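Hi,

Here is the structure I promised to pass on.

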Amino acid sequence: MTTTQNDRVDRYKARCLTQERNLFGRLQAAALASRTQAKRLLKSKGDLSITEWRVLWDLAEAGPLTVTEMASIQRTDHALISRTIPAMIEKGYVATKTGTTDRRTSLVALTAAGRSVFEGTSVIMSQRRAALSTAFSEADLDVFLGLIDRFEQFVEDPKSLSPATEGTA
C-alpha cells in the first residue's frame, strides 16, 4: 500500500472508532437493525409492514382505537399510522367507524381477517421478544429503558443545545 492509501485507511479506522461512541448514530443503527429483523420475521409469516403489525397488535390488545391513540402507544408519528390504515382497510384487516362522542374522529377496529393475520404473526413476534429477554435481564431492561428515557428528554429539550454545540449530530 502507498502512503496515501495507508493514510486513508488510518483516517477510516479512526473515524469508525469515533463513531462507536456516537450515541445518535448508534441508536439509529440499532433501530435499523431491529426493523430489518422484524421485517424479515414478518415476511416469513405474511405480508405485513412493521407499522401494520403494530396496528394489529394494538387493536388486538386494546380494542378499537383512534389513530392518535395508536400513535401515542407506538410513540410514532400520527401521519405514519394514518397513511397505513387505508391499505389495511383494503386488505380487510381493519374497519373504521365514526366516533360516537366526536364525529371528527374515527375508531379503528380489528376485523376477523385482521385477527387471523395477527394470530398468525404474533407467535414469531412473541418469540422475538422472549429471545430478547434471554439477552437482557429485567434489571438490564430497566437500566436500558431509563437511559433511553434520559436520551429522549435530552433530544426533546430545546435548552439541551447551547449555541456552541448547535449543528453537531
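A word on terms before the fold: helices (H or I, at least four residues) and strands (E, at least two) are DSSP runs, numbered from the N terminus. On that basis the protein chain has seven helices and two strands, and from the N terminus on they come in the order α-α-α-α-α-β-β-α-α. The radius of gyration is 21 Å, well over the 15 Å that the globule rule gives for 169 residues, so the chain is more spread out than a compact globule. (That radius is taken over C-alpha atoms, and the globule rule is 2.2 Å times the number of residues to the power 0.38.) The C-alpha atoms fill a box of roughly 70 × 40 × 35 Å along the principal axes.

Please keep in mind that this is a predicted model: local features need pLDDT of at least 70 and side-chain atom pairs count only at pLDDT 80 or more, while totals for chains, interfaces and linings use all residues. Residues are numbered from 1 along each chain as its sequence is written, and side-chain values use heavy atoms, with hydrogens and water left out.

Of the 169 residues in the protein chain, 21% are buried. Here buried means under 20% relative accessible area, exposed over 50%, and partly exposed in between (1.4 Å probe, protein chains only). As for contacts (heavy atoms within 4.5 Å), take those between residues at least 6 apart in sequence: 52% of them join residues at least 24 apart.

Now the charged pairs. I found three salt bridges, each being a side-chain nitrogen of Lys or Arg within 4 Å of a carboxyl oxygen of Asp or Glu.

- Glu 20 and Arg 26 meet at 3.2 Å, N to O. Glu 20 counts as partly exposed because its relative accessibility is 47%, and Arg 26 is also partly exposed, at 43%.
- Glu 52 pairs with Lys 91, with the closest N and O atoms 2.9 Å apart. This one links distant parts of the chain, since Glu 52 is in helix α3 and Lys 91 in helix α5 (residues 78-91), 39 residues apart. Glu 52 is buried at 6% relative accessible area, whereas Lys 91 is partly exposed at 36%.
- Arg 75 reaches Glu 152, the closest N and O atoms being 2.5 Å apart. Arg 75 sits in the loop between α4 (67-74) and α5, and Glu 152 in helix α7 (residues 138-156), so the pair ties together parts that are 77 residues apart in sequence. Arg 75 is exposed, with 62% relative accessible area, and Glu 152 is partly exposed at 23%.

And which charged residue is buried yet has no salt bridge? That would be Asp 58, where the nearest side chain of opposite charge, Arg 54, is 7.7 Å away. (Lys and Arg count as positive, Asp and Glu as negative; His and the chain ends are not counted.) Asp 58 lies in helix α3 (residues 50-62). Its side chain does make a polar contact of 2.8 Å with that of Gln 74; the term covers N or O atoms within 3.5 Å, where within protein one must be able to donate a hydrogen and the other to accept it, and residues adjacent in sequence count only if both atoms are side-chain atoms. Leaving aside neighbours within four places in sequence, Asp 58 touches Gly 63, Leu 65, Met 70, Ile 73 and Gln 74.

Cheers
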